[in-house]
Structure formats: C-alpha cells, structure tokens
Amino acid sequence: MRQAASRRFILYAVFFLSGAAGLAYEVVWARQLSLLLGVSLYAVTAVLVAFMGGLGIGAEYFGRKLDKGADPLRLYAVLEIGLGVYVLLFPVWLNVMEKIYLFLHPGYEGVSAYVLAMRFALAVLVLILPTSLMGGTLPAMARYFANYEQESGRFTGRLYAINTFGAMAGCIAAGFWMIEHLGLSGALRAGALVNILAGAVVFIIARKPSPASAEQTPRPSATPAEAPVRDKTLLIMFGISGFCALGLELLWTRLLVLVLNNTTYAFALILAVFLLGIAAGSAVTARLTARALKDGARFFAFFQIGVGFFAILSLLGFARNSGLIGFINSILGPDNLFTRIIPGGEQLAAPVFFTILIIFPCTFLMGGGLPLVVKALASGREKLGGDVGRLYAVNTLGAVLGSIITGYAFIPLFGIQKSLIGLGWLAVASGMYLLWARSMENRARATVFSIPFLLALTVFLVVRGDISMLLSTQKLDAGSRIVFYEEGPYATVLVSRQESDFSIGRKPLKRLWINGDPIAGAFREALQLERLQAHIPLLLLPNPKAGLIISFGTGSTAGAALAHNLESVTAVDTSREVFNAGPKFAPDNLGVMESPRITLVEEDGRNFLLTTKRKFDFISAEPPPPSNAGIVSLYTREFYELCKKRLAEGGITTQWIPLHHLSKKDFRMLVAAFLDVFPHAAMWYTKWDAIMMGSDREIEIDIEKIREGMKNPKVAESLKGIGVMNAYQLLSNFMMDSPALKKFVKDTPPLQDDRPVVEFTAPRLGIRKGVRVKEKNLTALLAHRTFPEIKSASPEEKKIFRKYFDSQTLFFKGQVERSAGRVVKASRDYARALELNRDNNDARYTYVRLNMLVLDSLLANNQIKAGLDGLRETVRLDIHGWFKPQLHFMRGMFFAADNRASAAAVEFESAIGLDDGYFLAKVNLAGLYRTKLDRLGRAIDLYKETLKLNLTENERAAIIKVLKELGENVDNAMAESAEAAPVV
C-alpha cells in the first residue's frame, strides 16, 4: 500500500514538473521566435497556432497509439526524454530556421499573405515536434491511471489540475526569475534537465511491476453496453469551451494591462491567475460526488452558462476597478509581506488580488469542464488514452480559433467590451443548447433564472458606455479630452488633449497613449526630444537621402526628418492604430501624414531590419521604455547589429534611452550595448533623456555645415519651436564623446537578447523610485560630460560656445536639483545658467515655469506682496512672451485678492485678448463684473462664452448653475461643447 502511494506521488510530482517545464518553454520560445519572426500580432499568432496546434496533434496521435496497446508509462518516459533532448538542440534548430527564413523572405516591406504563410510554416516546423511530444503526456498518464482508478473523470481531472498547477509554477518561475537570472538559453537547459530526469524516473518505474494491492488491482474494462455512446455534439461544445477560454483570456489581458502596469510581471501574473483558476476548477470538480460525474454533460452545460455569466459580470468589476483596488489596498495595508515579495511592490499587490477577483470564478468553471466531459464521453479503459487525446485536441483547436478570431476579427470589428459580451453569450448559448437539446432536467429553471438577468446586465453595460475606454482614460489628468480612440488587434491607442496654463501660449498638451501608457506627446519637452533625434544627425550628415524611423509615435521625428528634404522616410510600427492617430498631432509633426515621401509600414522594427534589402543614411529608434513588456529587444546589442547592417556607409543610427525607471546599472547596460556595436558613438542629451548616436566612422561636428542646414526654413521653424535658434544652442546638448562613454560604462556588460535583465529589474523600481532615479543617472552623466571637438570653428567661436556649453551644464544641474525636490537650489542653477548665457532657452523656459508654480503657491496662501514681486521678476525673465497670457492672468488674480477689482479686470481682459479660449480668465472676469464692478450684462456674456469652450462636466455644470441663478435661459445647443469628444 505504501509503495503504491509512493509510486502515485512520484508520478504526480513528475507530471507537475512536466507542466512547469512546458509553460516555461512556451514563454521562452515565444520570446526567441519573436526575435526572428517579429512581435507583431501576426507573428505572435503564428507561434501560438504552431504551439497549440502541436499540443492538439500530439494528444490525438499519441492517444491513438495508446488505444492500440502502447505501454503508457514507457511512452510517457520516451515523450519526456525526447522533449528534453529536442530542447537542448533548440538553438541549432533556431539557427537553421533563421537561415531558411532569410533565404525565403522576398524582402517585402510589410506583411503579405506569403510572409504570413511562411512565418506560420516555419513556426510549425520548429515547434510541431516538441509540442506534439508535450501533447501526448496527458493521454499517456490518464491511460496509465485508468488501469487502477474507478472513475475516469475524477483521475483525469486530478491529473489535468496537477499539470496545470505545474504550468502556473512554470509561468511564475520563468516570468519572475529564470529568464532574468539564467537567460533564455539557460531557462531552456533547466527545463530540458527536468524533462530528461522526469523521463528517466518514469522509465525506472515502468520497469518495476506495480505493487499488489486492492487499490492497485487493474479494474475491468467497461463492457460495450456500459460504454457511453460517442457524442459529437458534446465534443463540439467542448471545442467551443476552448474557443471562449482563449478568446476571453486575450480580452481580459487587454483590459487588465490598462489596470496594471504594462510590464512583463503584469503579463506573467495575468497568465498565472488564469492557470490557477483552471487548475483549481479541475481539481475541485474531480472530487465532486459520483452523481455529478455521472451526469457530466448536464453539469458541463451549467458550467458553460456560469462561464458566460461571470465573463459578462467581470466587466462590472472592471468598471469599478478603482474602488475595488482601493478597498484591497486598505485591507493589505501600506507595508505587507505580499507587497515586499511581489516584483513591482505596491503597484502590483492590490491589482493581483483584483485580477483574481475578476477572472478566477470564470476560469474555475473553465477548468472544471474537463473532468465532466471526460466522464461523459470516455468509452472505457482501453480507449481512454484516445478519448482524452481527442478531447484535448478538440479543446485546443477551439482555443486556437478563439485566439485568432478574437484578435483579428472581433476586436477590430466590435471592440473589446462587445467582444467580451459576445463570447460570454456564446458560452451561455452552448450550455443552453446542451440542456434543451438533451431535454435535461432543470433546463427551464436555468433559462428563467439566467437569461433575463444576463439580458438586463448586457443592456446595462452597453448603456453605461465602453468600459475599455473608461480604463484607458482613468490615468489621464483631469480636463483631458479624448480626440482619438481605437482598439486594434495589437494595441489600444488613445490621443488626449489637455488645456494647460503651464505651456507656451497655453498650447494644449497632446499625448499618445498605448495600452494605458503615455508613450509620446506634442508639447515642448516631448517635441524637443522627438525633433532633435532627427535634426542633430541629419545636420551632421553630408548628403542624406533615405531615413528609417522605428516606432512612429506621434510622427514628430519622421516629420523633422522630412524637413531636411530627404528623398524618402520609412516609418515602422507594430500598430496600424498608431499611424491612424498621426493626423491628430498635426501641425506639430509638420504634416508628416500628408507627405508623399513618407512610407508607413505595419511591422515589427527588428523584423523589418532583418528582412529589408535597403540601406538607410539615417536610422532612428524611439521605442517605449525597456520596462514595458516585449520592448527590451529594441535596446539590445543584437538590435544595434541589425541597425548597423542596414546603415549606409557613413550613416548615423540614433537611439532614445530614457533616464527614468532605470537604475544606474540598467542605464549603463543600455549604453554599453550601443557602444559595443558602434565604437564611434556620442551621447546627446535633452529633457530627461539621452540620445545615442553611432556610425561606422568618427562623427564629425562641423559648425558651418550645421549653420548651412539651419538655413532651411522648415528646419529652422521646427527647431525654433523647441527653443533652438542657433548652432550653439543645438550643440550645447552634447553630452559625451566615445572615450568618455567608454569610461562611463567601464566594465558594464552590454544588454543582450539572451539576457534581457533590464525588462525585469526596471519595473521593480516602482513609480516613486523610477522618477527619482533620473536625478542619479543625470548626475552620473554630468561627471563624464566632455566638450565636443568642433570642426571649422574659430577660436573666438569656440570661446562663445564654451559659454553656451557651461551654461547648459548649470541647467542640467538645476534639473538634478529639481528632480530631488530642491526647488531653491534649482532656481539658483537656472539663474546662474542665464547669467552666463542669456540665450539659454532651456534654462529660461524651465525657470519661468518653475516661477509660475511658486506664484501659484503664493496666491493660494494669499501672499500678495511676495507674489507681485515674484511676478515682476517672472515677466522680466519671459523675454520671448511665451507665457504672456498666463502672467496677465496671474497679475489679475493677485489684484483681485488685493481687492483691486478694476486693475484685475484690466489684466483678465488682456489675457483674454491674447487667448480667447482662456476659461479661467473669462470666468474670473465674469465674477468680478457680476459681484464687484456692476456689469451684469458683460458677466452673462462671458459665462455664455465659456460654455463654448472645452470644459469638464463639473465646470460646465457650475457655469450653467450660475446662469440659472441669474435668471438666464441656457440654450441646450450653447451648453454643448464645441467638440464632440468627451472630457475626463
């Protein structure tokens, strides 16, 4: 008896580890193949289809082998050992696959039917064997236990649960530890060792006779009369179950990423919770009463109805995510064990429990379906391996179709919310069909209790609005207006527009959001980076003709490149929706979408570089931060090698590297990777970001050539918009040359594809540390800052430039102090920078903005004299009149606080004269005319004018209330916004 229990425990442990290794392989293979086939949805789908399809084929094929008498344990041992050996050789297969891919690729720029078919074929070629071996393990283990267990559904469910719990463990291990510390190849070797050892252990067990015991006595096979009739309808319903499961997983992931941060940890946790629910459901259902398993089809129908119910209900949870997460945080407390353990800390702690709350009930019922269907369809002991294999194959086929159709058709056509509701109703319909088609008991009661409630819930959700849009907007600042929103197969893209009193001329701030993260924008700080990334290298190059932009963003970099009269610019991005948002950033992107010289390619940047036949004089990469999931491959040494391969002789590659959310070591690793490929490199600096520039030869800085290039009216206008009026101002952004960069990185290892550690270490900084760390990174950069070698500059010009350069250093030091919260010291540095060089527009702009924040604080504390004194100094600083409307408004506010109503009114009128859309100026002026200056008519006119501006709902309601108190009949048309887009 004890030997039997030990044998069972060992086999369970082996099956658990097999599940862990299998999921780790899926994670690693998806990453490795994405480096070759790309990370676009088309490439990822090819890998998914190949992986899942192989599992289904293996389950069906080896299930048939078991039906023909194959020894289940020996077969299982061969499968595990064969899988381990294949995995050890996987790097060889991958290398061969790359050669085949490049040989067969036609060099098309973009995705064609041929390229899609080729990717799919190659993914199948490299994955079909190992995944088929993996697919055969469940039928083999189920067939073995069929000899000694009385209840097929019970032990099959138990095995499936154990394997899925192992998969969850593998997901956590790979996503949280293995890839970071062992690398991709190391993770594969570890998994292969597990497989080979597991196979060896099972092979040894297979050679020993089973211990004799009542528990282990083989049970007789079911007689033909006892064997259930094969039920094709139930088989199809089980396929629909898989269709709904993978479709819902995709939709939940898209929604949860909007709630969680877009990091690799978030994706790992989502998948782990999904697997947890499936494993728990299978384990619990496997232990249900004999009646439940006996009537497996009926209970499966109820489970399907439950899946649909909880899927649709999950949308209510998403709608209330802020309140639920806040409640969970209050229970967890500020400093708890879970927060300290989980990567990302408090940012992910509560959202993890929120994820469990939202999707666990549904996934629990998904997992519980397998034991029920096995019991309902199993034909007997001799055929159990084939039955389980067939069920697994059908469910897997449904899962593949669910993922493909949901991603390619449902989301683009109906959006995430409607797609989720549709899949929920599909699950309900399949369950209802089973109940009524088979005249099962309680069908009428199930219909009466579920359908009306689900209809009411569906109507409520549709009327309430798009919850996925709600999630996309909840990170936006108050007063932001949505001017573009589109859900695509790969990403949810949003463009926001926000009125700002702290931008030049109160120009609205426009931002690009992808999957809930702010990626780029059209305001001075963002434009400075985006435009200089193109202007600096193109002003240095002798005669550039072709440019390549990887990661299109707002289109500002591509627009700046086209200003240099290049013959062509190719822009590459994985998301078509990003291109569709491009017109919303005109004119800041210089109308790039209208240019006949721009070519837009929907493709992964690395794959484009790998397969294109063209060479480019200028290549610019400005991807999202490497802390974002799946992005780190655009920061590795291998990526830069691809850039170098496609760079024309003497051309320049530029790469954006952010200072925020990166430790000093991480930042150095990114720089070291670039320097490892481009020893002729330099670093330039702007805003809070570094721009790396590299070439196959020394990059010369010719001041005369720069001046000549800046005579181009389009270039000059573009640079003027970011405060660059002359060549000295441009050159003052230089940070380091090649020798200084080598000292800066010292012995830091370069970031590589096989060890993408930054993707794991960066998110652990958290938001607060991520913001503060840029202070440390900039301090480290300034310690190595070098004066550039400038060609064709006279001694007098170098002397003049020295002032610009040293002034910019003081500005950078001010940025360090500002980041550290030392505002007084920052002000001193900005002031010293302007004393040394009054043309330092970066220092002037930042200093004036900082003063405005101080003035705002003085006004709030009613410190009128200090405020007016500070205001005079700020006006003196603002020599370009960048903030003239705002400064008139602030003076008016101080005068109003000092009971100087007439003087305040003059200032408010001046502000409105400069900016007719100045809401605060109009509403405060109206208040003065109504309460202090006895000009009620003018006040009413001003209030009505404000209703035509872009107001939040609260602002609009407040104005309407005042007008009604004054006895005015507010026309509905007047109360509508000038733009239809909602304000949040």
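Predicted model: local features only at pLDDT ≥ 70, side-chain atom pairs only at ≥ 80, totals over all residues.
**View 1. A nonpolar patch on the surface.** Let's start on the outside, where Ile81, Val85, Leu88, Leu89, Val92, Trp93 and Val96 come together as a nonpolar patch. Taken together, these residues have about 540 Å² of accessible area. Trp93, one of the patch members, is found in helix H4. Is Trp93 buried, partly exposed or exposed? Its relative accessibility is 32%, so Trp93 counts as partly exposed, since that class runs between the 20% limit for buried and the 50% limit for exposed.

**View 2. The second largest pocket.** Helix H4 turns up again in this view, as one of the elements that line the second largest pocket. The pocket holds about 460 Å³ of space. Its lining is made of 16 residues, and those closest to the centre are Leu35, Leu94, Glu98, Arg606 and Asp753. Two or more lining residues come from each of helix H1 (2–37), H4, helix H7 (152–207), helix H21 (605–611) and helix H22 (637–645). Which element gives the largest share of the lining? That is H4, with 4 residues. By class, the lining residues divide into 7 nonpolar, 3 polar and 6 charged.

**View 3. The largest cavity.** Now for a space inside the model: the structure holds 4 cavities of 30 Å³ or more, and the largest cavity has about 90 Å³ of space. Of the 13 residues that line the largest cavity, Gln729, Ser732, Gln808, Asn841 and Asp842 lie nearest its centre. Helix H30 (795–819) and helix H32 (841–860) are the elements that give two or more residues to this lining. How many lining residues of the largest cavity are polar? There are 9 polar residues, alongside 2 nonpolar and 2 charged ones.

**View 4. Gly516 in a loop between two strands.** To finish, follow strand E3 (509–514) towards strand E4 (517–522), and you will find Gly516 in the loop between them. Why does Gly516 count as buried? Its relative accessibility is 6%, and buried means under 20%. For a sense of distance, pick out Asp604 as well: the C-alpha atoms of Gly516 and Asp604 are separated by 20 Å. Along the chain, Gly516 and Asp604 are 88 residues apart.

Key: Residues numbered from 1 in each chain as written. Heavy atoms only, no water. Patch = residues over 30% accessible without salt bridge, like charges linked within 9 Å, V, L, I, M, F, W, Y side chains within 5 Å. Areas by Shrake-Rupley, 256 points an atom, 1.4 Å probe, with all protein chains shown as cover. Salt bridge = Lys/Arg side-chain N within 4 Å of Asp/Glu carboxyl O. Buried < 20%, exposed > 50% of the residue type's maximum accessible area, 1.4 Å probe, protein only. 1 Å grid on protein atoms, 1.4 Å probe; cavity = no way out; pocket = protein on both sides within 12 Å on 5 of 7 lines; lining within 4 Å. Points joined across faces, edges and corners; volume = space filled by probe spheres on them. Nonpolar A, V, L, I, M, F, W, Y, C, P; charged D, E, K, R; others polar.
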